[in-house]
Each structure stands twice: as structure tokens, then as C-alpha cells.
Amino acid sequence: MTSYRKAAATLGALTLGGALLATAAPAQAQDATPAASPTTKTLPVPKGDGAKSICKRMPKLQERIENSLTRLNGPATTAGSIARLEQRVDNAKSAGQTAVYTYLNDRLTFRKSLLPTLQTRQSDLKSVASWCSAQGLGTSAPASQ
């Protein structure tokens, strides 16, 4: 008789434990999804392509790109110029500082890769500036070179 009670008690405990695990697992899975989180914010859907704001910012964008190109193409006395970094690379190489040379040479490679990117952006902005003035958006004029 006692074995029957032990078997029934064990079966009841297993059933109860299984039921608790089955109900707890989906609740935990729901809490783990970011969509169920009340702190998730949704951004409004854009109503346009942002042309007005681009045209409004055009003069500042052109000025920033022009200043960057002037600095990069500057002489060795200009901080941030390619010529200055080339001089630093040469100095590190002649001093035998291989770690410094490698670091500066990698920076020089990156800095040289900025030139074509900025020149492309500058020409793209010129065409956007002419489009803005044709549409009557903003008070932008193409930057002179």
C-alpha cells in the first residue's frame, strides 16, 4: 500500500513540476523579446526625403568639405596635412622606430584615401546646390574652388 502512495506522490510532483515549467517558459520567452519591452520607442515615419533640410545645411556642408580639403592638401607646416604626416613617417623610418613608423604609415594611408571621397562629395554637393537653387529651397550657392 505504501508503494502505491509513493508512486502516486511522485507522479503528482512530476506533473506539477512539468506544469510549472510549461507555463514559466513562454512567459520568460515573451519578456526576452525587445518588442515586448515598454521602453522601446518607435520613430515616426519620414514624410519626405529631407530635401529642405539638406538645402538649408548646404552652405555649412560645403564650407566643412572645403576646409578639410584645404587642410589635407596643405604644406608640412599645416597640422593635419598629408605632407606633414609624410614627414613624420619619414622621420620615424630614419630613426628606426618601426612600431611608430607602422602606425603613422597606416594613418597616412587612411588620410590619403580621404581625398577622393571628399572630392566626390564636393562635386555631389555642387550638383545638389544647383538643384536646391532651381527649386527655390534654401539660400545656398555653390562653393568656389
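Q: What makes Q119 count as partly exposed in this predicted model?
A: The relative accessibility of Q119 is 42%, and since a residue is called buried under 20% and exposed over 50%, with partly exposed in between, Q119 counts as partly exposed. Q119 is found in helix α4, and its C-alpha atom is separated by 8.3 Å from that of I65, a residue 54 positions away along the chain.

Q: Why is the pair of E86 and K112 called a salt bridge?
A: The closest N and O atoms of E86 and K112 are 3.3 Å apart, and because a side-chain nitrogen of Lys or Arg has to lie within 4 Å of a carboxyl oxygen of Asp or Glu, the pair meets the requirement and is called a salt bridge. The structure holds 1 salt bridge.

Q: How do you know whether E86 and K112 are buried, partly exposed or exposed?
A: E86 has a relative accessible area of 30%, while K112 stands at 40% relative accessibility; because the limits are under 20% for buried and over 50% for exposed, E86 is partly exposed, and K112 counts as partly exposed as well.

Q: Why are α3 and α4 described as roughly antiparallel?
A: The two helices pack at an angle of about 160°, with their axes 9 Å apart, and because angles over 145 degrees count as roughly antiparallel, α3 and α4 are given that description. In this packing, α3 passes α4 in a left-handed crossing.

Q: Which residues make the contact of α3 with α4, and what kinds of residue are they?
A: On the side of α3 the contact is made by I82, L85, E86, R88, V89, A92 and K93, and on the side of α4 by V100, Y101, L104, N105, R107, L108, R111, K112 and L115. These residues divide into 9 nonpolar, 1 polar and 6 charged.

Q: How much of the protein chain counts as buried?
A: Of its 145 residues, 17% count as buried, and because that term requires a relative accessible area under 20%, these are the residues that fall below this limit.

Key. Residues are numbered from 1 along each chain as its sequence is written. This is a predicted model: local features need pLDDT of at least 70, side-chain atom pairs count only at pLDDT 80 or more; totals for chains, interfaces and linings use all residues. Side-chain values use heavy atoms; hydrogens and water are left out. Buried means under 20% relative accessible area, exposed over 50%, partly exposed in between (1.4 Å probe, protein chains only). Axes are lines fitted to C-alpha atoms, for helices over the stretch in contact, and angles run from 0 to 180 degrees between N-to-C directions. Helices (H or I, at least four residues) and strands (E, at least two) are DSSP runs, numbered from the N terminus. Angles under 35 degrees count as roughly parallel, over 145 as roughly antiparallel, 65 to 115 as roughly perpendicular and the rest as oblique. A crossing is left-handed if the near helix is turned anticlockwise from the far one by less than a right angle, and right-handed if clockwise. Contact means heavy atoms within 4.5 Å. Ala, Val, Leu, Ile, Met, Phe, Trp, Tyr, Cys and Pro count as nonpolar, Asp, Glu, Lys and Arg as charged, and the others, Gly among them, as polar.
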